[in-house]
Amino acid sequence: MSGGPGARYGPAPGRHGLHRIRICTRDRWRCGICGGRIDPDLSPFVSDMAGSVDHVWPRWAGGGHDDGNLQAAHLRCNLAKGRRLRFEMAA
Ligand SMILES: [Zn+2]
């Protein structure tokens, strides 16, 4: 992995951050992938156990930005899911 936090976590962190808080609050800070609790105090820039917005149907596979396609997830779970799906789709 190369690049700073901005490169790892995508563009427009400010706007995305507000979105992240909104979705995580809606889902009561519970991870939609592993079911575990997400600590609202953790920043995604310092911990991969922080909350993130997961696209249930990934954007690269045509998933939309509507709330029905979004769920709260640990950053770590989110990234692991992304890698797994990419691998399965490529196989
Ligand atoms: Zn999780």
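Begin the tour at Arg-28, which sits in the loop between helix 2 (13-26) and strand 1, where helices (H or I, at least four residues) and strands (E, at least two) are DSSP runs numbered from the N terminus. What you have open is a predicted model, in which local features need pLDDT of at least 70 and side-chain atom pairs count only at pLDDT 80 or more, while totals for chains, interfaces and linings use all residues. Residues are numbered from 1 along each chain as its sequence is written.

With Arg-28 selected, look at the backbone: its phi is positive, about 55°, although the residue is not a glycine. Arg-28 counts as exposed because it has 9 C-beta neighbours inside 10 Å; a residue is exposed with 12 or fewer other C-beta atoms within 10 Å of its own, buried with 20 or more, and partly exposed in between, the C-beta atoms being placed from the backbone. Trp-29 is partly exposed, since 15 other C-beta atoms lie within 10 Å.

Now colour the protein chain by secondary structure, which comes to three helices and two strands, arranged along the sequence in the pattern α-α-β-β-α. Then colour by pLDDT, the predictor's confidence in each residue, from 0 to 100: the mean for the protein chain is 84, and 81% of its residues reach 70 or more. Confidence is lowest in helix 1 (residues 5-9), at a mean of 49, and highest in strand 2, at 97. Where pLDDT is low, the predicted coordinates should not be read in detail.

Select next strand 1 (residues 51-55), of whose five residues four are buried, and strand 2 (residues 70-74), with which strand 1 pairs in the antiparallel sense over five bridges; two strands are taken to pair if DSSP finds at least two bridges between them.

Which residues make up the largest nonpolar core? Select Cys-24, Cys-31, Ile-38, Val-53, Leu-70, Ala-72, Ala-73 and Cys-77, the eight residues of this core, of which strand 2 supplies the largest share, three residues. A nonpolar core is here a set of buried Ala, Val, Leu, Ile, Met, Phe, Trp, Tyr and Cys residues joined through C-beta atoms within 7 Å. Centre the view on Cys-31: leaving aside its neighbours within four places in sequence, Cys-31 is in contact with Gly-36, Ile-38, Ala-72, Ala-73, His-74 and Cys-77, a contact being a pair of residues whose C-beta atoms, placed from the backbone, lie within 7 Å.

Move on to helix 3 (residues 75-90), whose 16 residues should span 22 Å at 1.5 Å a residue, in agreement with the 23 Å between its end C-alpha atoms; the expected span is 1.5 Å times one less than the number of residues. The buried residues of helix 3 are Leu-75, Cys-77 and Asn-78. They lie on the same side of helix 3 because they cover an arc of only 155° around the axis, the arc being that of the directions from the helix axis to the C-beta atoms. What covers these buried residues includes strand 1 and strand 2, whereas the face turned away carries the exposed residues Arg-83, Arg-84, Phe-87, Glu-88 and Ala-90.

Finish at Ala-61, found in the loop between strand 1 and strand 2 and exposed, with 10 other C-beta atoms within 10 Å. From here, draw a distance to Leu-85: the two C-alpha atoms, 24 residues apart along the chain, are separated by 9.7 Å.

Key:
Contact = placed C-beta atoms within 7 Å.
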